[in-house]
Amino acid sequence: MGGALASAPPIYLVNPMDVITTIEGFRTARAGLGQLGLVPTMGYLHEGHLSLMRQARRECGAAAASIFVNPTQFAPHEDFTRYPRDLERDMRLLEAEGVDLVFVPEVGEMYPEGFGTAVVLPAADEVLEGAARPDHFRGVATVVCKLLNIVQPTRAYFGQKDAQQTVVVRQMARDLNMPTIIVVAPTVREADGLAMSSRNSYLTPEQRAAATVLHRALTAARDLRAAGERGGDALRQRMAEVLAGEPLARPEYVSAADPLTLRELDEIGPRGALLSMAVRLGAVRLIDNLLVDL
Ligand code: AMP
């Protein structure tokens, strides 16, 4: 390639995306924008993330993404160090979506020496993901609180895929009088029903084929509900039966819970039910859920 061409500056048809690693830098860039939608992520982006970015831009006019694999929400035995990362690819995807600002802090920028505050929602630790992953939601709530304070978005976007996370973030925002509006968007799925997740990249081809069992179990319980069943035990039993039919799947829990309190239901009430599960396929742990009406 000719040297002159290689060194020519790029021609931007839209504004170049700002990639920012410091809190101070972000605050300066943010000050030039009015309404802003934030999509917090841990990167290794897929269509589930990108649909949130599109909604943020559509509703707020400008969108920011954060990419931060937050160490405090992983237990020591979990996958923090091997969590998939591909920043270059993520940047290309975000640029193509027209995202305006990208915040990519180092761990030391978010948790400098002397950091000592946590946001704790004790009730969240008693059920579902919180019971299975002690301290997980303390890490999530603390980092989301920090990101909302740094970015000061008009709205922040979260996926229904992580149902308990949406409950935790909404409660935190309400309890702490945060001005940001919390928006929850539907789960984006592969054609065969598997919920998109960065962790799907860990699956072997056999595990990937078996992973459809989560969605099959959820839809079987939803169909049972649609046929008139209201009993929590019957719905949990239906999900467990379908999961038992897949030899590679090791269920950690199945749940039919109140969508707000996340307490297990005897009978579906006026708020409907959150059907959810965590399932291991080899060393890979997947979660999924569906909301059903009364
Ligand atoms: P993560 O990078 O996994 O922390 O996810 C960042 C945000 O994207 C969270 O609010 C997730 O709930 C959301 N998200 C992840 N997967 C999906 C999906 N398949 N559909 C919709 N939202 C998703």
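**Cavity, pocket, domains and salt bridges**

Biologist: Which element gives the largest share of the lining of the largest cavity?

Modeller: Strand β9 does, with three residues. Helices (H or I, at least four residues) and strands (E, at least two) are DSSP runs, numbered from the N terminus. A cavity is a set of points on a 1 Å grid over the protein atoms alone where a 1.4 Å probe fits but cannot get out, and lining residues have an atom within 4 Å of a point.

Biologist: What am I looking at, before I go on?

Modeller: This is a predicted model: local features need pLDDT of at least 70, side-chain atom pairs need 80 or more, and totals for chains, interfaces and linings use all residues. Residues are numbered from 1 along each chain as its sequence is written, and side-chain values use heavy atoms, with hydrogens and water left out.

Biologist: OK. How many cavities of 30 Å³ or more are there?

Modeller: One. The largest cavity has a volume of about 50 Å³, counted as space filled by probe spheres set on the points, which are joined across faces, edges and corners.

Biologist: Which residues line the largest cavity?

Modeller: Lys 161, Leu 194, Ala 195, Ser 197, Asn 200, Leu 214, Leu 286, Ile 287 and Asp 288.

Biologist: Which lining residues lie nearest its centre?

Modeller: The second largest pocket has 21 lining residues, and Val 167, Pro 259, Leu 260, Thr 261 and Leu 262 lie nearest its centre. Helix α8 (residues 163–175) gives the largest share of that lining, eight residues.

Biologist: Which domains does the lining of the second largest pocket draw on?

Modeller: Domain 1 (16–185) and domain 2 (198–292), with at least three residues from each. Those bounds come from an automatic or database domain assignment.

Biologist: What separates the centres of domain 1 and domain 2?

Modeller: 26 Å, taken over C-alpha atoms. Across the boundary, 21 residues of domain 1 are in contact (heavy atoms within 4.5 Å) with 20 residues of domain 2.

Biologist: New topic. How many salt bridges are there?

Modeller: The count is 16, each with a side-chain nitrogen of Lys or Arg within 4 Å of a carboxyl oxygen of Asp or Glu. Arg 285 pairs with Glu 129, with the closest N and O atoms 2.8 Å apart. That pair links distant parts of the chain: strand β9 (residues 284–292) holds Arg 285, helix α6 (residues 128–132) holds Glu 129, and they are 156 residues apart.

Biologist: Are Arg 285 and Glu 129 buried or exposed?

Modeller: Both are buried, meaning under 20% relative accessible area; exposed is over 50%, and partly exposed is in between (1.4 Å probe, protein chains only).

Biologist: What about Arg 285 and Glu 252?

Modeller: They form a salt bridge too, with the closest N and O atoms 2.9 Å apart. Arg 285 is in strand β9 and Glu 252 in strand β7 (residues 249–257), so the pair ties together parts 33 residues apart in sequence. Arg 285 has a relative accessible area of 16%, while Glu 252 is partly exposed at 34%. Shared partners join Glu 129, Glu 252, Arg 280 and Arg 285 into one network.

Biologist: And Arg 236 with Asp 233?

Modeller: Their closest N and O atoms are 2.9 Å apart. They are three residues apart in helix α11 (residues 232–244), so about one helical turn separates them. Arg 236 is buried at 15%, whereas Asp 233 is exposed at 58%.

Note on methods: On a 1 Å grid over the protein atoms alone, a cavity is a set of points where a 1.4 Å probe fits but cannot get out, and a pocket is an open set with protein on both sides within 12 Å along at least five of seven lines; lining residues have an atom within 4 Å of a point.
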